[in-house]
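Colleague: I would like to learn how to read the features of a model like this one, taking them one at a time. Could we begin with a single residue and work outwards from there?

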Amino acid sequence: MTNCCRKNKCCAPKHEPWVTGEIATPVGKVPRVGTRVTLRDELGALRVRFAIGRMEYTVPPGLYAVGAPTPESPVFVSANYKLSFDYLRCALGGTSGWILVLDTKGINVWCAAGKGTFGTAEIVSRVQQTQLDRLVAHRKLIVPQLGAPGVSAHEVQKQCGFQVIYGPVRAEDIPEFLSANFKTTPEMRRVHFTIHDRIAVIPVELVIWFKPALGLAVLVALLSGISRTGFSLAAAPRAFGLVFTGWLTGGALVPVLLPRLPGRAFSIKGLWAGFVLWLVLLSGSLGQLALPRISVFVGKATPPAEPILGNTPYELIGWGLLLSAIVSFMALNFTGTSTYTSMSGVKKEMKIAIPLQLIAAVAGIFGILIGGLQ
Amino acid sequence: MNYLKNVATLKLDAETCIGCGQCLAVCPHEVFVLENGKARIADLDACMECGACAKNCPVNALSVKTGVGCASGILSGILRGGDACCGEGGCCG
């Protein structure tokens, strides 16, 4: 047997809860997988959506069966990120086929294709390892279209004799693709970035940026505590509150509003969001500053309110610079999550945006520090 | 949603193109159209430089400088002195 996955105990998939049985084939026993997603699978998906154990959410690479496949049944190629694999097996409910899981180190199809781990060499060696030519009578592989950046269809055919047919971007379109005799429509080939997609990635964004935000909040809280009379942590809650408002704006509001924010560059979209956030907080602060003066005229005693952004122009402007820098920087980094930015474009906007964001952040923190010393 | 204008490095050599349509089949953003038996770049600004078309062109008529369109990846590449990389930073949601 050349099949490593049956020799190697660590990846014997027998005990996986989504394996429902085994099928005897000319190349040995092939595990059969269920096409229903269980509560356990859904909890796993929810967990990785919050970036918990996302890099270890894997399926053992190798061959699997769905339904009651024959040598004529189609072969679907997938990544060994369990979320990708679950989408595929779920879409195959009611059909019979084979699934060839590549070793993509637990990375999804598209990102793995970009790195080349979902690629020509891995397909060819996996086809040979599993003796796919002895299992199926045809010579076709259905590869998800988003695997194409790593796969050279003509090279795969040359090297192992299997023809690559690119299937739809979304697994849910597979039944329609199959009934259309392996043809994709332009709509099936189009990658979107819908409001639903953008909301789904918010938790990961927020989790990833939590630690940097916390670090920045601690720094600002410490610096804004320095005053001429000594050091106090009275202003610390404000520093935390404002930095995390920026974090929430950059990590949640920017993704939601992405197409509505002005500009094409993500850093500009973020700058707008940060600027508007600042305007809102600024008008609140100015209102708070004006309130005691107005109440003198109306004759009511108002307790002196501590303005949201601070008392001094240094703080009011400093927070504007810092918040704009935070939100703009987070938005710039959202290019990696988005589905339509090019490397040339990102490099172009980074060259201008990163230095400006850095200057704004340093100047902003400096302003907050000066304001505290007034 | 289109990204920055006129930055994509995608190039098509119309002379070499045999009009097989494979680039249309793999492109996630409908950058190409097939006209008079040849592919044509119809929407360059929609190109995200994933490289799927160039990789799957059987006659090498396409070229594109590929890489991750990801600021965190590019930054971590610069900071570590290597290639742009995704992964630990988790940029590839």
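Colleague: Is Asn181(A) buried or exposed?

Modeller: The general idea is to count neighbours: a residue is buried if 20 or more other C-beta atoms, placed from the backbone, lie within 10 Å of its own, exposed if 12 or fewer, and partly exposed in between. Asn181(A) counts as exposed because it has 6 C-beta neighbours inside 10 Å. This is a predicted model, in which local features need pLDDT of at least 70 and side-chain atom pairs count only at pLDDT 80 or more, while totals for chains, interfaces and linings use all residues. Residues are numbered from 1 along each chain as its sequence is written, and chains are lettered from A and ligands numbered from 1 in the order in which they are written.

Colleague: Where in chain A is the place of Asn181(A), and what is its phi near?

Modeller: Helices (H or I, at least four residues) and strands (E, at least two) are DSSP runs numbered from the N terminus, and Asn181(A) sits in the loop between helix H8 (174–179) and H9 of chain A. As for the backbone angle, most residues other than glycine have a negative phi. Asn181(A), which is not a glycine, has a positive phi near 60°.

Colleague: Which residue of chain B has a positive phi although it is not a glycine?

Modeller: That is Glu49(B), with a phi of about 55°, placed in the loop between strand E3 (38–41) and helix H2 (52–56) of chain B. Glu49(B) counts as buried, since 23 C-beta neighbours lie inside 10 Å. Asn6(B), by contrast, is exposed, with 9 other C-beta atoms within 10 Å, and is found in the segment before strand E1 (11–12) of chain B.

Colleague: How should I read a helix, and which residues of H5 in chain A are buried?

Modeller: One lists the buried positions and then looks for what they pack against. In helix H5 (residues 120–129) of chain A the buried residues are Thr120(A), Glu122(A), Ile123(A), Arg126(A) and Val127(A), and these pack against strand E4 (75–78), strand E5 (97–101), helix H6 (132–135) and H7 of chain A. Just after H5(A), Gln131(A) takes a positive phi of about 50°.

Colleague: What about strands: in which sense do E6(A) and E7(A) pair?

Modeller: Two strands pair if DSSP finds at least two bridges between them. E6(A) and strand E7 (residues 163–167) of chain A pair in the parallel sense over five bridges, and Val143(A) has Tyr166(A) as its bridge partner in E7(A). Strand E6 (residues 140–144) of chain A is mostly covered, four of its five residues being buried. With H7(A), these strands make a right-handed β-α-β unit; a crossover is right-handed if, with the strands pointing away from the viewer, the path from the first strand over the helix to the second runs clockwise.

Colleague: Which residues have the most contacts inside the largest nonpolar core?

Modeller: A nonpolar core is a set of buried Ala, Val, Leu, Ile, Met, Phe, Trp, Tyr and Cys residues joined through C-beta atoms within 7 Å. The largest has 74 residues, and those with the most contacts inside it are Val75(A), Val77(A) and Leu100(A). H4(A) gives the most to this core, with five residues. Apart from it lies another core, of 45 residues, including Leu242(A) and Trp319(A).

Colleague: How many residues of chain A are in contact with chain B?

Modeller: Two residues are in contact if their C-beta atoms, placed from the backbone, lie within 7 Å, and on that basis 41 residues of chain A are in contact with 36 residues of chain B. The largest share of the side of chain A that touches chain B, eight residues, comes from H15(A). On the chain B side, the buried residues of helix H3 (residues 71–80) are Ala71(B), Ser72(B), Gly73(B) and Ile74(B), and what covers the buried residues of H3(B) includes H14 and H15 of chain A.

Colleague: How many helices and strands does chain A have, and why is chain A called more spread out than a compact globule?

Modeller: Chain A has 15 helices and nine strands. The radius of gyration is taken over C-alpha atoms, and the globule rule is 2.2 Å times the number of residues to the power 0.38. For chain A the radius of gyration is 27 Å, well over the 21 Å that the rule gives for 374 residues, so chain A is more spread out than a compact globule.
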